[in-house]
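Q: Can you walk me through this one? I'm new to it.

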Amino acid sequence: MKKYLTMVPLPTIPLLAGAAFLASVGVSSAEGKYTIGISNTVQGNGWREEMVCAMKAQALASGEVTKLNIAHRNTDAAGQLEDIRNLISAKVNAIVVNPADPAGIKAGLEEATKAGIVVVAVDQAVTEPSAYIISNNQEQYAYLGAKWLFQQMGGKGEVFYMRGAAGASADSDRDKGFKKALAEFPDVKVAQEVFTGWQQDQAKQQMLSFLATGTPINGIWTSGIDNVIVDALVESQAPLVPIVGADNAGFVGQLSSVKDLVGAAVTNPGSIGGAGVTLALQILDGKKPAQQTVLVEPQLWENATEEGKAKLKAAADPSLSPEWPVSISIPDWTTYTKEQIVACKGPGE
């Protein structure tokens with residue numbers, strides 16, 4: 001059973017130093033009683049950094065967490081499975097995980113559950129039935145953006161399809177949404193499909209390499225790696241075809257500032273990490289949800305209408321890190337202050 005929530009955009013705040021670590025962080029208030037394990041497999045990506053900062057901030061704000069045990073590194077499913085097993089050995093009370101590959105870590109999640117550890121997957125689904133999931137609705141994310149893009153293309157032409165990380169369930173779900181929209185526009189064709197790995201440098205180079213071929217395109221769909229794609233178009237003096245990205249601060253700003261750029265940002269809050277900590281604590285406190293999966297519904301902000309321009313203007317914040325989503329909280333799921341997520345510090349730090 002799935003429960004659906006609507007994302008409400010909130011004001012933005014500046015980003016301080018990002019988190020990049022593999023560590024335990026110490027004791028908080030006397031109220032703290034739980035140790036929470038965190039497993040994430042992508043560093044150097046602003047979305048993931050915001051996610052981890054939201055996890056730390058929510059753990060601190062809850063007053064229930066004594067310690068965080070954080071595995072945050074660039075690795076694959078095999079490496080994440082190793083991290084999960086290390087967290088099990090550390091006897092954490094719950095594990096909040098952003099899965100590299102659902103099948104690749106299923107055994108570890110099952111082992112965690114058997115050890116009495118609560119497992120919550122954030123951002124992406126997992127196949128282990130004992131795990132709880134709280135995620136942005138990735139299929140709808142792709143469908144909303146792709147449908148808007150194909151309409152802007154006049155229902156025909158060639159699209160450059162820039163996906164995320166191969167094997168990641170979020171990418172697979174987004175591919176379903178993209179292809180659902182594609183089926184509604186039979187005269188739209190995919191000129192080229194690439195996997196960006198959700199890495200800025202890699203995606204920009206892929207865009208530059210494609211532009212160098214001279215192949216004409218009429219639109220670009222990105223899996224949330226967006227501001228660097230606009231940079232590539234501008235630097236190459238290539239035509240500014242319609243483009244879809246996420247609600248990252250840099251891209252949101254570009255949609256209001258780059259002349260002749262037509263585009264749309266689809267919300268995909270990294271603060272889902274904080275929501276995952278909240279869900280884990282609720283379950284530990286004996287408040288199990290009626291549904292195994294909770295989905296946060298996306299919104300689309302575009303600059304092709306006056307209403308859309310107003311939404312983008314309200315959301316934009318040039319002082320925020322370009323790669324951080326502008327939606328820094330999720331109503332009913334995160335309780336930290338703006339200052340706490342900016343500080344990116346957990347209990348005892």
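Predicted model: local features only at pLDDT ≥ 70, side-chain atom pairs only at ≥ 80, totals over all residues.

A: Residues are numbered from 1 along each chain as its sequence is written, and side-chain values use heavy atoms, with hydrogens and water left out.

Q: Which residues of strand β10 point which way?
A: G219 and W221 point one way, while I220 and T222 point the other way. All are buried, meaning under 20% relative accessible area; exposed is over 50%, and partly exposed lies in between (1.4 Å probe, protein chains only). β10 covers residues 219-222. Strands here are DSSP runs of E with at least two residues, helices are runs of H or I with at least four, and both are numbered from the N terminus.

Q: In what sense do β8 and β10 pair?
A: Parallel, over 4 bridges. Strand β8 spans residues 157-163. Two strands pair if DSSP finds at least two bridges between them.

Q: What is the bridge partner of Y161 in β10?
A: W221.

Q: And how many bridges join β10 to β11?
A: 2 bridges, and those strands run parallel. β11 is residues 243-246. There, I243 stands opposite I220.

Q: What unit do β10, α7 and β11 make?
A: A right-handed β-α-β unit, with helix α7 at residues 227-235. Right-handed means that, with the strands pointing away from the viewer, the path from the first strand over the helix to the second runs clockwise.

Q: New topic. Where is W198?
A: In the loop between β9 (188-195) and α6 (200-213). W198 is not a glycine, yet has a positive phi of about 55 degrees.

Q: Is W198 buried or exposed?
A: Buried, because its relative accessibility is 10%.

Q: What about the phi of D260?
A: Positive, about 70 degrees, although D260 is not a glycine. D260 is in the loop between α8 (249-257) and β12 (263-266). D260 counts as exposed because its relative accessibility is 58%.

Q: Last one: where is D83?
A: In helix α2, residues 77-89. D83 is buried, with a relative accessible area of 5%.

Q: What joins the side chains of D83 and R73?
A: A polar contact of 3.0 Å. That term means a pair of N or O atoms within 3.5 Å; within protein, one must be able to donate a hydrogen and the other to accept it, and residues adjacent in sequence count only if both atoms are side-chain atoms.
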